[in-house]
Amino acid sequence: AAACAFTVTVVPPPSLTKTRFLAFGDSITAGTLSNCPGGIRPLSLLDDTLLLRAAVNVPTSYPTQLQTLLRNRYTMQLPTVVNEGVPGEPAGETMFTGEGSVTGSDRLPGVLSSENPEALMLMEGINDVHQGATTSNLVTTLRSMVQEARGRGIHVFLGTLLPQRIGACRNFAEASHILAVNDGIRGVAASEGATLVDFYEAIIGNEATLLGPDGLHPNVVGYEQMAQKAFTAIRSTLEAAPPGVKVRLR
């Protein structure tokens, strides 16, 4: 007969310091899986916006997939990602009036008040680029949106704009303009205490396989890549690794 004792360390599942997320933006946040009928974009901006809204597929959107990733890892919590993407919405400039004419910077305060998130996933601005907004004006608008959320104690994850596939029916932005805006976005994240989510990096070089037929919106796999990029940023920023508990067994 013999006796022994040993110590094991019990490590509980990881947890998040914040669990209520709000994804805010345009049709790319909403989850549009879009094509241009006949390969041609409608001449009317309003008509095109209505098409984008009709093509939203929430189950494959990046916020929905992000919520699944979070819940699969943080099993002792119930993280939520509310999708507040509005197709056709610009961050700060609009060229038409009527339904859908409200800008993201106008809409954000009310959404923050109604949803009361702990963290904001902000990605917006490509519609401003399409409508001729200058880099400086757009970056200023995004900075004000970050400051609005930060002023409420909300952690901000700020996303870069996606590249576009040249020659596609919704390729309206010069690559150099997108690069310039993204440089500004990186500067805003660094100076305003936001966490950068480089969605551009997740797509660039793979536009042919990760963007849909219109060359602007991701396909299902592209949205998966965006969700993974956001998930990685959240893990590195908000994950709290609980200390292990040592138990002595005899």
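**Briefing: a chain of helices and strands**

The chain holds 10 helices and nine strands. The model is predicted. Of its 250 residues, 45% count as buried. Among contacts between residues at least 6 apart in sequence, 81% join residues at least 24 apart.

**The sheet**
- Five strands make an open sheet, ordered E4-E3-E5-E6-E7, and their pairing is parallel.
- Strand E4 (80-85) and strand E7 (195-197) are at the edges; each has a single partner strand, so one side of each lacks a neighbour in the sheet.
- On average, neighbouring strands are turned by 20° against each other, direction ignored.
- Strands in a sheet pair through backbone hydrogen bonds, either parallel or antiparallel.
- Strand E3 (residues 20-25) pairs with strand E5 (residues 119-123) over five bridges, in the parallel sense.
- Phe24 stands opposite Leu122 in E5.

**Helices on the sheet**
- Helix H3 (residues 62-73) packs on the sheet and touches E3, E4 and E5. The direction of H3 makes about 175° with that of E4.
- Helix H4 (residues 104-115) also lies across E3, E4 and E5. H4 runs at about 160° to E3.

**The nonpolar core**
- In soluble globular proteins, nonpolar side chains tend to be buried together.
- The largest nonpolar core here has 56 residues. Phe21, Tyr62, Leu66 and Met121 have the most contacts inside it.
- Helix H10 (residues 220-238) gives this core its largest share, eight residues.
- Beyond its neighbours within four places in sequence, Leu66 is in contact with Val81, Met121, Ala227, Ala230, Phe231 and Ile234.

**The surface**
- The accessible surface of the chain comes to about 11300 Å². Carbon and sulfur atoms account for 55% of it.

Conventions:
Residues are numbered from 1 along each chain as its sequence is written. This is a predicted model: local features need pLDDT of at least 70, side-chain atom pairs count only at pLDDT 80 or more; totals for chains, interfaces and linings use all residues. Side-chain values use heavy atoms; hydrogens and water are left out. Helices (H or I, at least four residues) and strands (E, at least two) are DSSP runs, numbered from the N terminus. Buried means under 20% relative accessible area, exposed over 50%, partly exposed in between (1.4 Å probe, protein chains only). Contact means heavy atoms within 4.5 Å. Accessible areas come from the Shrake-Rupley method with a 1.4 Å probe; for residues, only the protein chains shown count as cover. A nonpolar core is a set of buried Ala, Val, Leu, Ile, Met, Phe, Trp, Tyr and Cys residues joined through side-chain atoms within 4.5 Å. Two strands pair if DSSP finds at least two bridges between them. Axes are lines fitted to C-alpha atoms, for helices over the stretch in contact, and angles run from 0 to 180 degrees between N-to-C directions.
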